[in-house]
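This report goes through a protein model part by part, for a reader who is new to structures. Please keep the sequence and the 3D view open while reading.

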Amino acid sequence: MRRLLFLQFLLVSAVFAQAADTQPLVDKALSAVGGKDKLLKIFRIKEIFHFGSTPEPAEGKKRSTRESILSQPDKWWINKKERGAEPAKDDVRAWSLDLLVDPKSKVEVVPDLTDEGKTCFGLQVSGSVEPAMKFYFDKETNLLHRLDWRGDFYRFSDWKEHDGLKFASKTIIFKLKDGKPWFFHEVTEIERLAQLPEGLAKP
């Protein structure tokens, strides 16, 4: 019985130790973008993007544009139609750092990573997203530099500011298996909203 209680004590202690280890890093990441209170909850976003292996679309192709309304954690409307089950919703939750403040998130420290000459500290988030995501934050700025998820990795750049919040306006997605890019994305406009506009279709 004493042995069982001791093992339970060690387990609880390990959980609290992990929280103590990760929280300062989470706080650094949140502070770098303007603080937890500045994170996006309901917002309008305009985007431009294309699929391909080069920064410019292939000859004869054009970039796509899109305007959306999002409500964290799981609603995304395009042309007033909600998208339903869609992994891109988790991409946005990662990019906006909403996953770091989700009570269901389990955050663990992962080894540092050097990417594009940047030394990054790593955090893995599970519980609120499946499979787990690995976030890598530039140690110099504490801003999100890279995300590894579902066989891809994302690089974030060209940081801008809206209403006290810093956000990465450009993202390139690469395949983990060969490091080749396949998607180029740019946020051209963000607007924080106090509430959802009327007329949006409910899922």
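## Salt bridges, sheet, helix and rings

Lys139 has a relative accessible area of 42%, which lies between the cut-offs of 20% and 50%, so Lys139 counts as partly exposed. The model is a predicted one. The partner of Lys139 in a salt bridge is Asp112, and their closest N and O atoms are 2.5 Å apart. Asp112 is partly exposed too, with a relative accessible area of 46%.

In total, the structure holds 21 salt bridges. Three of them are listed here.

| Salt bridge | N to O distance |
|---|---|
| Asp112 and Lys139 | 2.5 Å |
| Glu191 and Arg44 | 2.5 Å |
| Glu56 and Arg63 | 3.1 Å |

Glu191 and Arg44 meet through their side chains. Their pair also links distant parts of the chain, with Glu191 in strand β11 and Arg44 in strand β1, 147 residues apart. Glu191 is partly exposed at a relative accessible area of 33%, and Arg63 is partly exposed at 36%.

The strands come next. An open sheet is made of 11 strands with antiparallel pairing, in the order β4-β3-β2-β1-β11-β10-β9-β8-β7-β6-β5. At its edges stand β4 (81–82) and β5 (106–115); each has a single partner strand, so one side of each has no neighbour in the sheet. Within the sheet, strand β7 (residues 133–138) pairs with strand β8 (residues 144–149) in the antiparallel sense over 4 bridges. Phe137 has Leu144 in β8 as its bridge partner.

Helix α2 (residues 88–95) packs on this sheet. Among the strands that α2 touches are β1, β7, β8 and β11, and the direction of the helix makes about 150° with that of β8. Is α2 mostly covered or mostly uncovered? The helix is mostly covered, as 8 of its 8 residues are buried. The buried residues include Lys89, Asp90, Asp91 and Arg93, as well as Val92 and Trp95. After α2 comes Leu97, which has a positive phi near 70°.

The last topic is the aromatic rings. A pair of aromatic rings is described by the distance of the centres and the angle of the planes. The structure holds 10 aromatic pairs. One of them joins Phe49 and Phe183, which are 5.7 Å apart centre to centre with 40° between the planes, a tilted arrangement. The pair links distant parts of the chain: Phe49 is in strand β1 (residues 42–51) and Phe183 in strand β11 (residues 181–192), 134 residues apart. Phe49 and Phe183 are both buried.

Phe183 also pairs with Phe51: the ring centres are 4.8 Å apart and the planes are at 55°, so this pair is tilted. Since Phe51 lies in β1 and Phe183 in β11, the pair ties together parts that are 132 residues apart in sequence. Phe51 has 59% relative accessibility and counts as exposed, whereas Phe183, at 11%, counts as buried. Phe49, Phe51, Trp182 and Phe183 form one aromatic cluster.

Charged side chains also lie over rings. Arg83 is over the face of Trp76, at 4.4 Å from the ring centre, and Arg155 is over the face of Phe174, at 4.8 Å from the ring centre.

Definitions and conventions: Residues are numbered from 1 along each chain as its sequence is written. This is a predicted model: local features need pLDDT of at least 70, side-chain atom pairs count only at pLDDT 80 or more; totals for chains, interfaces and linings use all residues. Side-chain values use heavy atoms; hydrogens and water are left out. Rings of Phe, Tyr and Trp (its six-membered ring) pair if their centres lie within 6.5 Å; planes under 30 degrees apart count as stacked, over 60 as edge-to-face and the rest as tilted. Helices (H or I, at least four residues) and strands (E, at least two) are DSSP runs, numbered from the N terminus. Buried means under 20% relative accessible area, exposed over 50%, partly exposed in between (1.4 Å probe, protein chains only). A charge sits over a ring if NZ of Lys or CZ of Arg is within 6 Å of the ring centre and within 35 degrees of the ring normal. Two strands pair if DSSP finds at least two bridges between them. Contact means heavy atoms within 4.5 Å. Axes are lines fitted to C-alpha atoms, for helices over the stretch in contact, and angles run from 0 to 180 degrees between N-to-C directions. A salt bridge is a side-chain nitrogen of Lys or Arg within 4 Å of a carboxyl oxygen of Asp or Glu.
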